[in-house]
Amino acid sequence: MKVLFPAAEVVPYSKTGGLADVAGALPQALAGLGHEVLVVTPWYATLGGGVAPYWVGDVKVPFDGGFETVGVGVLERGGVRYAFVGHKDYQRASLYGYPDDARRFARFARAVPQVAERLGFLPDLVHAHDWHTGYLPMLLERGWHLPPGFPGLPSVFTIHNVQYQGEASLEETVRWLRLGPDLKATYLDHFGAANAMQAGAGFATRVTTVSPTYALEIQTPAFGFALDGTFRALAHKLVGILNGIDTQLWDPGNDPALPAPYSAADLSGKALAHSELVSRFGLESGRPVLAVVSRLAEQKGIDLVIGGARALLAAGWDLVFLGSGAPGLESAIARLASRYEGRVGARLGYDENLAHLIYAGADALAVPSRFEPCGLSQLIALRYGTVPIVRSTGGLKDTVTHGVTGFTFEHPTVTGLLWAAGEALRAFGTPTWGRIRDAGMAADHSWGASAVAYSELYGAVLRSWT
Ligand code: ADP
């Protein structure tokens with residue numbers, strides 16, 4: 001099957017979070033199952049991966065009342081083709097966070113069919129991701145100026161995080177996308193504003209979220225970010241498919257960022273990683289290390305670790321933080337590190353290599369999220385023999401079982417976190433800890449099973465379509 005796979009960030013070329021990990025790994029796994037996948041993504045100012053795309057040429061994109069020119073570059077990796085959409089609006093310091101983001105990604109979505117056509121790729125279906133590409137299912141149904149073969153194509157829309165919805169003026173969005181005037185009171189229209197997330201879900205043939213529990217949670221007011229009613233109405237076509245991790249990139253048996261490889265059978269390399277971590281952060285050695293590797297956003301509940309830090313230290317944990325984001329959280333972590341020198345280590349920023357060392361060298365990973373669509377950090381921790389301590393929500397609930405592969409707590413409060421961390425500390429150093437760590441390391445969170453689930457969904461979509 002030919003799958004067109006547009007995504008705003010793709011490992012190893014660009015990344016701010018888990019969406020990039022998924023868009024990096026899932027297409028490769030789908031290619032392994034025999035699918036032909038074209039990933040389309042913006043050509044940002046700096047691209048990771050160490051290879052520049054090969055310049056193919058320009059295409060004209062119907063946009064904002066006329067036609068605009070975008071550049072097209074291509075790369076191939078692991079049997080997957082990657083197309084990069086070039087425009088000056090993507091040549092900025094960050095991927096997102098600009099007032100004109102809705103316009104930037106409306107253009108991107110609008111460019112996707114034209115870019116595919118330019119590369120001779122006529123898909124069987126389009127698999128779009130999150131609000132940045134949420135316009136596409138609607139464009140396939142309602143868009144003018146689509147290349148031949150595109151009008152009416154079926155689509156799958158995957159929700160990675162409902163919080164970010166890409167709301168903008170309805171009139172302007174309709175103008176940017178060059179849609180007809182009849183989009184009021186459709187799924188694009190959310191109380192008078194254009195909502196790209198809702199449009200993606202509403203117009204897609206099938207909708208997925210990145211874990212089964214999150215698929216249920218987003219239908220409730222507590223997790224739906226004002227779209228819960230929409231998701232209840234769409235429940236018949238909504239399903240959760242758990243993310244995997246890239247087990248080549250995240251492999252303690254073969255990880256260049258670690259001092260030595262290790263496995264469940266021989267954990268001496270993990271002990272070396274622990275020593276390196278302790279010396280890197282100047283911690284007094286001998287205590288178990290509880291780590292955080294996270295975006296510093298309210299969603300992640302890192303304020304609970306900060307609020308409980310004194311009690312965690314008193315109980316006997318050392319703490320290590322790697323994260324970037326909200327300035328208030330960054331400065332609170334910096335304050336902790338300077339106040340408790342030798343017990344708290346902190347690196348504020350984004351550091352891929354250090355993340356690897358922390359996953360390997362820490363004893364436990366705290367993921368106290370208020371909501372978590374899937375979460376990848378706990379999956380990486382499991383594979384690295386680092387016991388996850390997580391709030392029981394979304395994908396965390398689906399992947400960590402209390403007392404079996406980690407420790408979980410129900411309420412996103414300091415008390416909840418301290419309770420679970422206390423349970424973990426009671427087990428630490430006993431055979432229970434080894435049993436839990438080994439069970440986590442043995443769990444299979446590779447993309448294999450998820451890719452098969454997506455492949456079956458694609459098949460069901462095509463069968464229902466033809
Ligand atoms: P989200 O996508 O909501 O940020 P996920 O758990 O799905 O959360 O994915 C987070 C990914 O980003 C993981 O691979 C994690 O290791 C990585 N990550 C988060 N913060 C940092 C950081 N400061 N430095 C390096 N990697 C980070």
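**Cores, sheets and aromatic contacts in the predicted model**

Trp 250 and Tyr 359 are both buried in this structure, which is a predicted model. The two residues form an edge-to-face aromatic pair, with 5.4 Å between the ring centres and 85 degrees between the planes. This pair joins distant parts of the chain: Trp 250 belongs to the loop between strand 12 (238-240) and helix 8 (268-280), whereas Tyr 359 lies in helix 12 (residues 352-361), 109 residues apart.

In the whole structure, 14 aromatic pairs are found. The pair of Tyr 90 and Phe 105 is classed as tilted because the ring planes stand at 40 degrees, with the centres 6.3 Å apart. Here too distant parts of the chain are linked, since Tyr 90 is located in the loop between strand 5 (80-86) and helix 2 and Phe 105 in helix 2, 15 residues apart. Tyr 90 has a relative accessible area of 0% and is therefore buried; Phe 105, at 0% relative accessibility, likewise counts as buried. A cluster linked by ring pairs comprises Tyr 13, Trp 43, Trp 55, Tyr 82 and Phe 84. Charged side chains also sit over aromatic rings. The charged end of Lys 2 is placed over the ring of Phe 121, 5.2 Å from the ring centre, and Arg 92 lies over the face of Tyr 98 at 4.8 Å from the ring centre.

The largest nonpolar core contains 65 residues, and those with the most contacts inside this core are Leu 4, Val 40, Val 115, Tyr 135, Met 138 and Ile 159. Helix 2 (residues 101-118) supplies the largest share of the core, nine residues. Another core, of 34 residues, lies apart from the largest one and includes Leu 304, Ala 364, Phe 407 and Ala 424. The surroundings of Met 138 were examined individually. When neighbours within four places in sequence are set aside, Met 138 is in contact with Gly 143, Leu 177, Leu 179, Leu 183, Leu 188, Ala 199 and Phe 203.

In one, nine strands follow the order 3-4-5-2-1-6-7-11-12 with mixed pairing. From one strand to the next, the twist averages 25 degrees. At one end of this order, strand 11 (residues 206-209) and strand 12 pair in the parallel sense over three bridges, and Val 207 has Leu 238 in strand 12 as its bridge partner.

The other open sheet consists of six strands in the order 15-14-13-16-17-18, with parallel pairing. Its edges are formed by strand 15 (344-348) and strand 18 (407-409), each of which pairs on one side only. Neighbouring strands are turned against each other by 15 degrees on average, direction ignored. Within this sheet, strand 16 (residues 364-367) pairs in the parallel sense with strand 17 (residues 387-391) over four bridges. Val 367 stands opposite Val 390 in strand 17.

In a regular strand, side chains alternate between the two faces of the sheet. Strand 16 is covered on both faces: Ala 364 and Ala 366 on one side, and Leu 365 and Val 367 on the other, are all buried. Ala 364 is also among the residues of the 34-residue core.

Helix 11 (residues 327-339) lies across strand 13 (289-296), strand 14 (318-325) and strand 15, and runs at about 145 degrees to strand 15. Helix 15 (residues 414-427) lies across strand 17 and strand 18, running at about 160 degrees to strand 18.

Conventions: Residues are numbered from 1 along each chain as its sequence is written. This is a predicted model: local features need pLDDT of at least 70, side-chain atom pairs count only at pLDDT 80 or more; totals for chains, interfaces and linings use all residues. Side-chain values use heavy atoms; hydrogens and water are left out. A nonpolar core is a set of buried Ala, Val, Leu, Ile, Met, Phe, Trp, Tyr and Cys residues joined through side-chain atoms within 4.5 Å. Buried means under 20% relative accessible area, exposed over 50%, partly exposed in between (1.4 Å probe, protein chains only). Helices (H or I, at least four residues) and strands (E, at least two) are DSSP runs, numbered from the N terminus. Contact means heavy atoms within 4.5 Å. Two strands pair if DSSP finds at least two bridges between them. Axes are lines fitted to C-alpha atoms, for helices over the stretch in contact, and angles run from 0 to 180 degrees between N-to-C directions. Rings of Phe, Tyr and Trp (its six-membered ring) pair if their centres lie within 6.5 Å; planes under 30 degrees apart count as stacked, over 60 as edge-to-face and the rest as tilted. A charge sits over a ring if NZ of Lys or CZ of Arg is within 6 Å of the ring centre and within 35 degrees of the ring normal.
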